[in-house]
Amino acid sequence: MQTILPVQHADREKIMDVLRGFALLGIFIANLHHFSFYNSKNVTGPFHYSFDGIVEFFQGVLIEGKFYSIFSLLFGWGVSQQLYRAQKNGVNALPTVRRRLGWMLLLGLMHLFILWTGDIVAFYAMLGFALLLFRKMSDKNLLIWGVIFFLLPILLYALKMNFLWMNAPAGIVFETGVTIEKNLTGNNEIGPLSGLEKTASWPLIWKHNIAGFFFRYGYLFFVSRIWKVLGVFLIGFMLGRNDNFKKITANKKILTYIILFGFLVALPANFLMSYYMGFEDDYWDLKMNGFYQTLFYAIGVAPLAFAYAAAIILWFRTKTGNKILSLLQPVGKMAFSNYILQSLVGIIVFYGVGFAKGGQLGPAAWTIFAIAIYLCQIFISYMWLSYFNFGPVEWIWRSLTYKKWQPMKKTNNAVNT
């Protein structure tokens, strides 16, 4: 009986690693809003500037939601590719994919409980199992349901405005977090990060993270992130099946249309979304401003993310673009390891167990900080992959998936591209 083997290095699509590497920077900038303990009502730290409000607004326009959407697209694309390639070889890859998702879920939960409650890996793994339920759907239906799911939060928010009982799932999870937080730490504040910029105790961080799991998933329920991510998963899955992505990425006209729609239609929607994000209390209180934010999010975020991806693909096809963007490939190839590294950097810099710089950086400062760390990651990833086949987390994950230790060390010192 044939068994599925790991995807060989020569079979990897370079553009997928480039896109992962590109998305990782946007993810880090977005995450630093929380990692840095930024509070727009208390801007007395040394690295806050008068133009921080403008920077934060444009982060909403250009970053909010776009980069996790690119990761979601690549996730669905990758799962589809694994199933498709195995099917061509007469192999049933489903058990291996499920095992891969299972270990991904465990690694994500370890990241969440040990380091940071903002983890997205475990959430993606959970939804990955849901994605597999759609694997036999036609390309047309995958696209239709993908769009429906991404627009569904508009309807759900409107219903929650009129039927408060629909908030029960998020409310129950939030209240569970509050109860656990109070019993474990004595903290009565709502939220998973209270006091972590001051505490020098890892056990206290872990207690916060246990409660923080419930705050995190209560938030994901409330903002309907399940449907947003699953919708993009389906579109990515459609791209990966039957090598559809090769037809699309080779078609300059289609890529140009995606870019034009993203920047001419979706970009204005993101400006409006970012404007309504300024009414944060209204969003949580289910007011009309919150509905408008949800509406423009649904219209603008995914199409602009797709426009980013299309622009990267087009540029990658040029000689200059290929040369520059190839620098991002090592970062993307070990994206899981780099994602964990970003969490470690955030804790070391901003938490009390490290340098305790929480609350001292505003949006402009943390954006510069993110770029500086990312440039270091480019260099570290390049050097690491000069000697090893995988990032450390990828090596563990792959070895667990295939139930066999994968060859870690290279036989030569050339960067694997």
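Biologist: Is Met 238 buried or exposed?
Modeller: Bear in mind that this is a predicted model. Met 238 sits in helix H9. Its relative accessible area is 12%, and the cut-off for calling a residue buried is under 20%. So Met 238 comes out as buried.

Biologist: Staying with H9, at what angle do H3 and H9 cross?
Modeller: H3 covers residues 66-88, and its axis comes within 7 Å of the axis of H9. The two are oblique to each other, and H3 passes H9 in a right-handed crossing. The angle is roughly 45 degrees.

Biologist: How many nonpolar, polar and charged residues are in the contact of H3 with H9?
Modeller: On the H3 side the contact includes Tyr 68, Leu 73, Trp 77 and Tyr 84. H9 brings, among others, Arg 225, Lys 228, Phe 233 and Gly 240. Sorted by class, that contact has 13 nonpolar, 7 polar and 2 charged residues.

Biologist: Which residues of H5 make the contact with H9?
Modeller: From H9 the list includes Ile 226, Val 229, Leu 230 and Phe 237. By class, the contact has 10 nonpolar, 1 polar and 1 charged residues. The H5 side consists of Phe 123, Tyr 124, Leu 127, Gly 128 and Leu 131.

Biologist: Which residues have the most contacts inside the largest nonpolar core?
Modeller: That core has 107 residues. Its largest share, 14 residues, comes from helix H13 (residues 288-316). A second, separate core has 13 residues, including Tyr 157 and Ala 298. In the largest core, the residues with the most contacts are Tyr 124, Phe 350, Tyr 351 and Phe 369.

Biologist: What is Phe 369 in contact with, leaving aside neighbours within four places in sequence?
Modeller: Phe 369 is one of the residues with the most contacts inside the largest core. Leaving those sequence neighbours aside, its partners are Phe 28, Leu 32, Val 345, Val 349, Phe 350 and Leu 361.

Biologist: Back to H13: which residues of H13 meet H1?
Modeller: H1 (residues 14-35) packs against H13 at about 130 degrees, with the axes 11 Å apart. That makes the pair oblique, and H1 passes H13 in a right-handed crossing. H1 supplies Lys 14, Ile 15, Val 18, Leu 19 and Phe 22, and they meet Tyr 308, Ala 309, Ile 312, Ile 313 and Phe 316.

Biologist: What about the backbone: what is the phi of Leu 286?
Modeller: Leu 286 is in the loop between helix H12 (280-284) and H13. Leu 286 is buried, with a relative accessible area of 11%. Its phi is positive although the residue is not a glycine, at about 60 degrees.

Biologist: Is Ala 356 buried or partly exposed?
Modeller: Ala 356 lies in the loop between helix H16 (335-350) and helix H17 (363-387), and its phi is also positive, near 55 degrees. Its relative accessible area is 31%, whereas buried would need under 20%. So Ala 356 is partly exposed.

Biologist: How far apart are the C-alpha atoms of Ala 356 and Glu 197?
Modeller: The two are 159 residues apart along the chain. Ala 356 does touch Glu 197, along with Val 349, Phe 350 and Tyr 351. The C-alpha separation is 5.5 Å.

Note on methods
Residues are numbered from 1 along each chain as its sequence is written. This is a predicted model: local features need pLDDT of at least 70, side-chain atom pairs count only at pLDDT 80 or more; totals for chains, interfaces and linings use all residues. Side-chain values use heavy atoms; hydrogens and water are left out. Contact means heavy atoms within 4.5 Å. Helices (H or I, at least four residues) and strands (E, at least two) are DSSP runs, numbered from the N terminus. Ala, Val, Leu, Ile, Met, Phe, Trp, Tyr, Cys and Pro count as nonpolar, Asp, Glu, Lys and Arg as charged, and the others, Gly among them, as polar. A nonpolar core is a set of buried Ala, Val, Leu, Ile, Met, Phe, Trp, Tyr and Cys residues joined through side-chain atoms within 4.5 Å. Buried means under 20% relative accessible area, exposed over 50%, partly exposed in between (1.4 Å probe, protein chains only). Axes are lines fitted to C-alpha atoms, for helices over the stretch in contact, and angles run from 0 to 180 degrees between N-to-C directions. Angles under 35 degrees count as roughly parallel, over 145 as roughly antiparallel, 65 to 115 as roughly perpendicular and the rest as oblique. A crossing is left-handed if the near helix is turned anticlockwise from the far one by less than a right angle, and right-handed if clockwise.
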